[in-house]
Amino acid sequence: MPMWAKTIMLFIGLAFIGLGIGLGFFVARQAQANAERAARLQPLSAAAFKYAAPANTVLVEGSISSQNPLRFRTFVAYSVVEYRGEADDDGDPKWELLERVTPPLFLDAGGLIALSNNNYQLQRSHAEYQDQPYLRWDGWRNEGTKIYSGLIHDGTVMVIGTVTRRAAQNELEAEFVFAGTRAEYISDQRQTSAMLPWVGLIFGLAGVFIVALGFWEQLPRFGTRG
């Protein structure tokens, strides 16, 4: 095996090891921290949110108000990904994010709570819409199947964000909007935290194997010297 190939194997192996450590330790710990934070924060009703102190981090559980205008079909907020063909020899699909539409929203939590920002994350979705019945990539037109996913009227959501004061009333600057309940979010994050160490271990072992294989290929050459 040429030296350049062994060098590539070494870098790939180290990348796998780094990915394994990142997933198995850092990302898993972050997921656990997310679950613990949501468990500590008690959901605020609209009445309680009205008197919350500005700059406080709060959790709101409610539903998407019907007062929100529709942005596309039944979605009030959504993201769009486009199919770009197969990414590798295994036939895994390649997707590209085309657009995120995350306008300020009204939530119903026993009364209306306004989200003030348009840069929150969308986590999970209430519904999906695929614009073609099958996945297709048209290289001539540079266009592929699009999948829209997002939030709809009356869908249950959980939001964590910071209380802001505007126009003499409280609004919520959201970090993210989760399509589901607080209990579902906590469960999802705990499951992710429990699963990622195993995923990280798989990547790490694969990286060790690739690095070891690269060194093994060099052993006969070292053995013939001197």
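Visitor: Is Leu135 buried, partly exposed or exposed?

Guide: Leu135 is found in the loop that runs between S7 and S8, where strands (E, at least two residues) and helices (H or I, at least four) are DSSP runs numbered from the N terminus. Its relative accessible area is 39%. Buried means under 20%, exposed over 50% and partly exposed in between, with a 1.4 Å probe and protein chains only, so Leu135 is partly exposed.

Visitor: How far apart in space are Leu135 and Thr145?

Guide: In sequence, Leu135 and Thr145 are 10 residues apart. In space, the separation from C-alpha to C-alpha is 5.5 Å.

Visitor: What kind of model is this, and how are its residues numbered?

Guide: Residues are numbered from 1 along each chain as its sequence is written, and side-chain values use heavy atoms, with hydrogens and water left out. Local features need pLDDT of at least 70 and side-chain atom pairs count only at pLDDT 80 or more, while totals for chains, interfaces and linings use all residues, since this is a predicted model.

Visitor: How many residues does the largest nonpolar core have?

Guide: A nonpolar core is a set of buried Ala, Val, Leu, Ile, Met, Phe, Trp, Tyr and Cys residues joined through side-chain atoms within 4.5 Å. Leu105, Leu115, Leu151, Val159 and Leu172 have the most contacts inside the largest one, whose residue count is 22. At least two core residues come from each of helix H2 (46–50) and strands S1 (57–64), S2 (75–86), S11 (156–166) and S12 (169–178). A second, separate core, with Leu59, Met158, Phe176 and Phe178 among its members, has 10 residues, whereas the largest has 22.

Visitor: About how much space lies in the largest pocket?

Guide: On a 1 Å grid over the protein atoms alone, a pocket is an open set of points where a 1.4 Å probe fits, with protein on both sides within 12 Å along at least five of seven lines; lining residues have an atom within 4 Å of a point. Points are joined across faces, edges and corners, and the volume is the space filled by probe spheres set on them. For the largest pocket this is about 200 Å³.

Visitor: Which elements give two or more residues to the lining of the largest pocket?

Guide: The lining includes Ala46, Phe49, Lys50, Arg165, Gln169 and Asn170. By class it holds eight nonpolar, two polar and two charged residues; Ala, Val, Leu, Ile, Met, Phe, Trp, Tyr, Cys and Pro count as nonpolar, Asp, Glu, Lys and Arg as charged, and the others, Gly among them, as polar. The elements asked for are H2, strand S5 (112–114) and S12.

Visitor: Is the aromatic pair of Tyr129 and Tyr148 stacked, tilted or edge-to-face?

Guide: Nine aromatic pairs are found in the whole structure; rings of Phe, Tyr and Trp (its six-membered ring) pair if their centres lie within 6.5 Å, and planes under 30 degrees apart count as stacked, over 60 as edge-to-face and the rest as tilted. Tyr129 in strand S7 (residues 127–130) and Tyr148 in strand S10 (residues 146–152) link distant parts of the chain, 19 residues apart. Tyr129 is partly exposed at 24% relative accessibility, whereas Tyr148, at 13%, is buried. Their ring centres are 5.9 Å apart and the planes stand at 45 degrees, so the pair is tilted.

Visitor: What is the angle between the planes of Phe178 and Tyr185?

Guide: Both Phe178 and Tyr185 are buried. Their rings, 5.3 Å apart from centre to centre, form an edge-to-face pair, with an angle between the planes of 75 degrees.

Visitor: How far apart are the C-alpha atoms of Glu171 and Pro54?

Guide: Glu171 belongs to strand S12 and is buried, with a relative accessible area of 15%. Along the chain, Glu171 and Pro54 are 117 residues apart, yet their C-alpha atoms are separated by 9.0 Å.
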